[in-house]
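Please read it with the coordinates open.

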Amino acid sequence: MSRFLGLVLFLLNVADLCNGGVTSSFVRKVEKTIDMPLDSDVFEVPPGYNAPQQVHITQGDDVGMGVIVSWVTMEEPGSNTLLYWIANTKLIRKARAKITTYKFYNYTSGYIHHCTINDLEPDTKYYYEVGLGHSPRTFWFVTPPAVGPDVPYTFGLIGDLGQSYDSNVTLTHYEQNPTKGKTVLFVGDLSYADQYPDHDNRRWDTWGRFVERSAAYQPWIWTAGNHEIDFVPEIGETKPFKPYTHRYHTPYRRSNSTAPFWYSIKRASAYIIVLSSYSAYGKYTPQFKWLEKELPKVNRSETPWLIVLMHAPWYNSYNYHYMEGETMRVMYEPWFVQYKVDLVFAGHVHAYERSERVSNIAYNIVNGICSPISDQSAPVYITIGDGGNLEGLATNMTDPQPKYSAFREASFGHATLDIKNRTHAYYAWHRNQDGYAVEADRMWFSNRYWHQGEDSTT
Ligand SMILES: [Fe+2]
């Protein structure tokens, strides 16, 4: 090879590197991901007759001053009364839960209680007690500050969690993360009970007991994934989302949604829109009509951070679930750019990926303009389906790495989004193989409405 040709090839290589993203060189020890057995200590049934179990909370209204508390009793319905009080005060209030049950093939659920408490004080620690009469259990949570543009707040991000040994490591790392997430944004695929014969719903119960140690003390914001569908006509189960909708409630009516799978909440300085990849989203559908009205309502002077959660990612360069989010992207991406969505979090692919700010909205069937382009009005897309479920890691990536992909790594982990004020938020992804404090990907995000500069990794 002539020296000149060698130099040209070298320069081309450098140019290539400059244009592409980063595929992490971290190589995970590849071990099989297996579920923890039914008798694992993390699934332990709390002691006492009819003791409430699977206790979890989520936001119960549009601004965070309401909480939905849910729990399950197994032997009998038991008391549906919930007691709650502000820490260090004596005034005890009461609220009543509604109780539901369901059957799934040969499984009958316990008594599932859902209790909404409203009109709470902002930024206040509350205790609550359930299981009155037999085996009461007490938990606590802290309400968020009142909604406002510069209110700092820290979210955790977890997806596709499941109940394997790796899931347990992910949750432990999240709990021990010094950034201290106050609310989990969960991007779908909870229990993976559907991986068992006849979708053994006992695995929904074990999952509820597994996450209680976090979800009873801080809200988890739910997104529906494909493993929540539980559609099994062979055994007569033809109503999609039956276990999920009985067990996990969302405050969808507060945002004028007509179904629990798509809704919005405000929390501190964030406006969070949850979408359903597995409900109709084409033109004229309920979800489409809702989102069309929803986006113009977002007041960035009140909630500067506009965040969208969904399950199937739109920008994904792994060879798993490739383009499954494409039809929804075609429908909604122009709106995301128009309304300057800051961040989109998805799961589904069992790995981690962060995109550049890109959009791909110019195509009109005949013009051939169908490649993602750099766009500072576009969101960053983050795939965080790396919670650790039994299906294992997605390790196979498209090569070369597409330009829209800024960073990708096939490891289990979780992320935190630490909103500082209306202009800046510090984001970090933590892989499980490191000590809990190690960030494998990090980013300062600048708000698209208030500070539309380039984001920075430093
Ligand atoms: Fe999924």
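1. Basis. This is a predicted model, in which local features need pLDDT of at least 70 and side-chain atom pairs count only at pLDDT 80 or more, while totals for chains, interfaces and linings use all residues. Residues are numbered from 1 along each chain as its sequence is written, and side-chain values use heavy atoms, with hydrogens and water left out.

2. The sheet. Helices (H or I, at least four residues) and strands (E, at least two) are DSSP runs numbered from the N terminus. Two strands pair if DSSP finds at least two bridges between them. An open sheet of 8 strands shows mixed pairing, in the order 1-23-19-22-18-17-16-15.

3. Strands 15 and 16. Strand 15 runs antiparallel to strand 16 (residues 270-274), and 5 bridges join them. Arg 267 has Ala 270 in strand 16 as its bridge partner. Helix 5 (residues 286-294) packs on the sheet and touches both strand 15 and strand 16; contact means heavy atoms within 4.5 Å. The direction of helix 5 makes about 165 degrees with that of strand 16, where axes are lines fitted to C-alpha atoms, for helices over the stretch in contact, and angles run from 0 to 180 degrees between N-to-C directions.

4. Glu 294. This residue lies in helix 5. Is Glu 294 buried or exposed? Glu 294 counts as buried because its relative accessible area is 1%; buried means under 20%, exposed over 50% and partly exposed in between, with a 1.4 Å probe and protein chains only. Leaving aside residues up to four places away in sequence, Glu 294 touches Ser 255, Ser 264, Tyr 271 and Ile 273.

5. Helix 6. The 13 residues of helix 6 (residues 326-338) reach 19 Å from first C-alpha to last, close to the expected 18 Å; the expected span is 1.5 Å times one less than the number of residues. Helix 6 bends by about 50 degrees at Tyr 332, with Pro 334 following within four residues. The bend is the angle between axes fitted to the seven residues ending at a residue and the seven starting there. Buried residues of helix 6 include Arg 329, Tyr 332, Glu 333 and Trp 335. Among the elements covering them are helix 5, strand 17 (305-309) and strand 22 (380-384). Lys 340, with a positive phi near 50 degrees, follows helix 6.

6. Aromatic pairs. Rings of Phe, Tyr and Trp (its six-membered ring) pair if their centres lie within 6.5 Å; planes under 30 degrees apart count as stacked, over 60 as edge-to-face and the rest as tilted. The count comes to 38 aromatic pairs. One of them, Tyr 449 with Trp 450, is edge-to-face, at 5.2 Å centre to centre and 75 degrees between the planes. Tyr 449 is partly exposed, at 44% relative accessible area, and Trp 450 is partly exposed at 32%. Ring pairs also link a cluster that includes Phe 186, Trp 204, Trp 220 and Tyr 248.

7. Backbone details to check. A cis peptide bond, with omega about 5 degrees, joins Asp 399 and Pro 400. Pro 400 sits in the loop between strand 22 and strand 23 (405-409). Tyr 105, not a glycine, has a positive phi of about 55 degrees and is partly exposed at 42%. His 321 also has a positive phi, near 55 degrees, in the loop between strand 17 and helix 6.
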